[in-house]
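User: Can you walk me through this one? I'd like to start with the aromatic rings.

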Amino acid sequence: MELELTMTIKQYKNVFEKPHGLLPIQSHDHTIPLMPGNAHVKVRPYHYPHSQKTEVEHINAEMLLKGIIQPSSSPFSSPVLLVKKKDGTWRFCTDYRALNAVTIKDSFSMPTVDELLDELFGAQYFSKLDLHSGYHQILISLEDHYKTAFDTYQGLYEWLVMPFGLSYASATFQALMNSIFAEFLCKFVLVFFNDILIYSTTWNTHIQHLSLVLSTMQRHSLFCQTLQMLFWPNPN
């Protein structure tokens, strides 16, 4: 069983690589429609401790190198802040509350956990794929780049990929995943935010299902960070 799993992962090993640069345009690039009559949104940058300036500079340089942000001359500007993660590293966040307040909200309905769990009846084998920086695998619509501008002490930059914090960003992500995996959903695949759950009644079908999901991700240039077996049935 482990050999089959290893061979399947090896066959699609490029899906588990780190994404670099901009990914191909997807069917659900993120847009930021503004309410009529709203001028540009410009919020003064936050003051943060000198000790964090080096970290902001480091993260900013990394994002420029990855090609997911670019220098901006936008009339829009939102402040940034650093949030400590569980592993002790920092998450770079843009505070888009002012922008979100004038953004037309999306009506996409997110699934509930109870609805998803009902689909798992009878399954015995489960694998979970964790997408690599899932939001950053979705592009910001070209005409909306300037609206994402954020201010640092090094200057003004704008996002080319979808950052955390934008209004209905999770809905855009879920809609894209639903579109890509439409033929598999509620048959042997569930998608909830960054996680893709594959479930099957037998091991042989589970390997087949896993191959179908990974080949779909490969075709759409999506990247996965980890694969985890959540439950193995007792062979006895």
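Analyst: Rings of Phe, Tyr and Trp (its six-membered ring) pair here if their centres lie within 6.5 Å. Keep in mind that this is a predicted model.

User: How many aromatic pairs does that rule give?

Analyst: Seven aromatic pairs. One of them joins Phe92 and Phe150, with ring centres 5.4 Å apart and planes at 70°.

User: So what do you call the geometry of Phe92 and Phe150?

Analyst: Edge-to-face, because the planes sit at 70° and the cut-off for that class is over 60 degrees.

User: Phe150, buried or exposed?

Analyst: Buried, at a relative accessible area of 0%. Phe92 is buried too, at 10%.

User: What else does Phe150 pair with?

Analyst: Trp159. That pair is tilted, with 5.7 Å from centre to centre and 45° between the planes. Trp159 is buried, its relative accessible area being 3%.

User: Which residues make up the cluster of ring pairs?

Analyst: Phe92, Phe150, Tyr157 and Trp159.

User: Switching to charges. How many salt bridges are there in the whole structure?

Analyst: Three. Asp144 and Lys147 form one of them, with the closest N and O atoms 2.8 Å apart.

User: Are Asp144 and Lys147 buried or exposed?

Analyst: Both buried. Asp144 has 5% relative accessibility, and Lys147 has 9%. The cut-off for buried is under 20%, so each qualifies.

User: What does Arg97 bridge to?

Analyst: Asp95. The closest N and O atoms of that pair are 2.7 Å apart.

User: And how accessible are Arg97 and Asp95?

Analyst: They fall on opposite sides. Arg97 is exposed at 61% relative accessibility, whereas Asp95 is buried at 12%.

User: Which pair links distant parts of the chain?

Analyst: Lys128 with Asp195, a salt bridge of 3.6 Å from N to O. Lys128 belongs to strand S4 (residues 125–131) and Asp195 to strand S8 (residues 195–200). The two residues are 67 residues apart.

User: How does Asp195 count for accessibility?

Analyst: Partly exposed, at 29%.

User: OK, helices now. At what angle do the axes of H1 and H6 cross?

Analyst: Roughly 10°. H1 covers residues 2–11 and H6 covers residues 203–219, and their axes come within 10 Å.

User: Which residues of H1 and H6 meet?

Analyst: From H1, Glu4, Leu5 and Thr8. From H6, Trp203, Asn204, Ile207, Leu210, Ser211 and Leu214.

User: How do the residues of that contact divide?

Analyst: The contact of H1 with H6 has five nonpolar residues, three polar and one charged.

User: Now zoom out. How many helices and strands are in the protein?

Analyst: Six helices and nine strands.

User: What share of the residues is buried?

Analyst: 45% of the 236 residues count as buried.

User: And what share of the contacts is between residues 24 or more positions apart?

Analyst: 77%, taken over contacts in the protein with a separation of 6 or more.

Technical notes:
Residues are numbered from 1 along each chain as its sequence is written. This is a predicted model: local features need pLDDT of at least 70, side-chain atom pairs count only at pLDDT 80 or more; totals for chains, interfaces and linings use all residues. Side-chain values use heavy atoms; hydrogens and water are left out. Axes are lines fitted to C-alpha atoms, for helices over the stretch in contact, and angles run from 0 to 180 degrees between N-to-C directions. Helices (H or I, at least four residues) and strands (E, at least two) are DSSP runs, numbered from the N terminus. Contact means heavy atoms within 4.5 Å. Ala, Val, Leu, Ile, Met, Phe, Trp, Tyr, Cys and Pro count as nonpolar, Asp, Glu, Lys and Arg as charged, and the others, Gly among them, as polar. A salt bridge is a side-chain nitrogen of Lys or Arg within 4 Å of a carboxyl oxygen of Asp or Glu. Buried means under 20% relative accessible area, exposed over 50%, partly exposed in between (1.4 Å probe, protein chains only). Rings of Phe, Tyr and Trp (its six-membered ring) pair if their centres lie within 6.5 Å; planes under 30 degrees apart count as stacked, over 60 as edge-to-face and the rest as tilted.
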